[in-house]
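Have the structure open as you read.

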Amino acid sequence: MKNDLRKKYKQLRKGVQSKKELDTAICLNFLQSDLYKNADAVLCYCSLPDEISTDLIINQALADGKILALPVCTDSNGNMNFYIINSPDELALGSFSVMEPNTDICVPFGTSLSPVCVVPALCFDKKGYRIGYGKGYYDKFLKKFTSVSVGLCYNDFIEDSLPCDEFDEKVDFIITQSNILNCKGG
């Protein structure tokens, strides 16, 4: 079931109309929210070309002087660590062809008072559960993460309900081009 949904949403993502405008609207919704404004650190990810672009979030967090940390996959067992970057120049091609912090020059993210974590997904449901790429990196991370987590999603990529198992972790909020959905209650 999850693999069928993965295939469906990977295909749907390829056909998103006005992708750049929608991506910008989603990122601006996040950047203008209290979720971003009240955070002293942003844990984000470098998006792949068919994902919602996180470039605007990354550049704005750096410009605003927030701590910005991006993930590095440390093994094939779903473990990752976040590293602080001060410039996009500190990124290198890493696991799964994703740009990651260069661990030779970047320091690991420790703690902060109010971090917000931006979580990737192919789709979400209204309770905050997601279909990712099936490797479990973010589920494993979110299980230990005690602050606010946010998913970026197109309006049309939110299902009423998705199949989930005991290892799946949900996000607290979903940001779309027109909405901020609070998933904490459901």
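In which helix does Asp 139 lie? Asp 139 belongs to helix H5 (residues 137-144); helices (H or I, at least four residues) and strands (E, at least two) are DSSP runs, numbered from the N terminus. Before going on, note that this is a predicted model, where local features need pLDDT of at least 70 and side-chain atom pairs pLDDT 80 or more, while totals for chains, interfaces and linings use all residues. Residues are numbered from 1 along each chain as its sequence is written, and side-chain values use heavy atoms, leaving out hydrogens and water.

With 13% relative accessibility, Asp 139 counts as buried (under 20% relative accessible area; exposed is over 50%, partly exposed in between, with a 1.4 Å probe and protein chains only). Its salt-bridge partner is Arg 130, with the closest N and O atoms 3.6 Å apart; the term means a side-chain nitrogen of Lys or Arg within 4 Å of a carboxyl oxygen of Asp or Glu. Arg 130 is buried too.

The whole structure holds 8 salt bridges. One of them joins Asp 168 to Lys 2, at 2.6 Å from N to O. Asp 168 sits in the loop between S11 and S12 and Lys 2 in helix H1, so this pair ties together parts 166 residues apart in sequence. Lys 2 also bridges to Asp 165, at 3.6 Å between the closest N and O atoms. Asp 168 is buried at 12%, whereas Asp 165 is partly exposed at 39%.

Finally, look at Val 42: leaving aside neighbours within four places in sequence, its contacts (heavy atoms within 4.5 Å) include Tyr 36, Ile 57 and Val 118.
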